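The following exercises ask the reader to work through one structure step by step. Each task is followed by a worked solution.

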Amino acid sequence: MTAKAYWVAHVTVNDPDLYAAYRQAAAPAIAAGGGVIRVLAGEQITGAGNARPQTVVVEFPSFDAAKTCYFGEAYQSTVAQRDAGAEVDLVIVEGVMPL
């Protein structure tokens, strides 16, 4: 069985309208790549260090699927819009193998 993988993004929205347009454009690309949004800017507490005001977590069926989606043409076509509306730190991380 393959471990799931995640995009974990920490976001500061600078232009809510631009960022909302990015989210609307990115959602179909993420879904087509097998991604499911699990966390979308809910309430959060920073336990240590520094964090941006919002966190987004997207689950994928595998690390390869997460990488392929992120670097694929469909999602990459939305990145300029994302970056115009927000500052984003994003990592792609492999989860734990299921027991």
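**Exercise 1. A residue in a loop**

Ala 41 belongs to the loop that joins β2 and β3, where helices (H or I, at least four residues) and strands (E, at least two) are DSSP runs numbered from the N terminus. The model is predicted, and local features need pLDDT of at least 70, side-chain atom pairs count only at pLDDT 80 or more, and totals for chains, interfaces and linings use all residues. Residues are numbered from 1 along each chain as its sequence is written, and side-chain values use heavy atoms, with hydrogens and water left out.

Task: State what phi Ala 41 has, and decide whether Ala 41 is buried, partly exposed or exposed.

Solution. 
1. Although Ala 41 is not a glycine, its phi is positive, about 60 degrees.
2. The relative accessibility of Ala 41 is 32%, so the residue counts as partly exposed; buried means under 20% relative accessible area, exposed over 50%, and partly exposed in between (1.4 Å probe, protein chains only).

**Exercise 2. The chain as a whole**

Task: Describe the order of helices and strands in the protein chain, and judge how compact the chain is.

Solution. 
1. The protein chain contains 3 helices and 4 strands.
2. Along the sequence these follow the pattern β-α-β-β-α-α-β.
3. The radius of gyration of the chain is 14 Å, close to the 13 Å that the globule rule gives for 99 residues, so the chain is as compact as a globular protein of that length. The radius is taken over C-alpha atoms, and the rule is 2.2 Å times the number of residues to the power 0.38.
4. The C-alpha trace spans about 40 × 35 × 15 Å along its principal axes.
5. Of the 99 residues, 32% are buried.
6. Among contacts (heavy atoms within 4.5 Å) between residues at least 6 apart in sequence, 78% join residues at least 24 apart.

**Exercise 3. The nonpolar core**

Task: Identify which residues of the largest nonpolar core touch the most other members, and which element gives the most to this core.

Solution. 
1. A nonpolar core is a set of buried Ala, Val, Leu, Ile, Met, Phe, Trp, Tyr and Cys residues joined through side-chain atoms within 4.5 Å.
2. The largest such core has 19 residues, of which Trp 7, Ile 30, Phe 60 and Tyr 75 touch the most other members.
3. Two or more residues come from each of β1, α1, β3, α2 (63-71) and α3.
4. With 5 residues, α1 gives the most to this core.
5. Beyond residues up to four places away in sequence, Phe 60 touches several residues, including Trp 7, Ile 30, Ala 65, Ala 66 and Cys 69.
6. In soluble globular proteins, nonpolar side chains tend to be buried together.

**Exercise 4. The largest pocket**

Task: Determine which residues lie closest to the centre of the largest pocket, and which element supplies the largest share of its lining.

Solution. 
1. On a 1 Å grid over the protein atoms alone, a pocket is an open set of points where a 1.4 Å probe fits, with protein on both sides within 12 Å along at least five of seven lines; lining residues have an atom within 4 Å of a point.
2. The largest pocket holds about 220 Å³ of space, a volume being the space filled by probe spheres set on grid points joined across faces, edges and corners.
3. Among its 18 lining residues, Tyr 19, Tyr 22, Arg 23, Ile 30 and Val 56 are closest to the centre.
4. The largest share of the lining, 7 residues, comes from α1.
5. By class, the lining has 15 nonpolar, 1 polar and 2 charged residues; Ala, Val, Leu, Ile, Met, Phe, Trp, Tyr, Cys and Pro count as nonpolar, Asp, Glu, Lys and Arg as charged, and the others, Gly among them, as polar.

**Exercise 5. Comparing individual residues**

Task: Decide whether Arg 23, Val 56, Thr 55 and Thr 78 are buried, partly exposed or exposed.

Solution. 
1. Arg 23, in helix α1, has a relative accessible area of 38% and is therefore partly exposed.
2. Val 56, in strand β3, has 11% relative accessibility and so counts as buried. Leaving aside neighbours within four places in sequence, its contacts include Trp 7, Tyr 19 and Leu 40.
3. Thr 55, also in strand β3, is buried because its relative accessibility is 14%.
4. Thr 78, in helix α3, is buried because its relative accessibility is 4%. Apart from neighbours within four places in sequence, Thr 78 contacts Tyr 22, Ala 25 and Ala 26.
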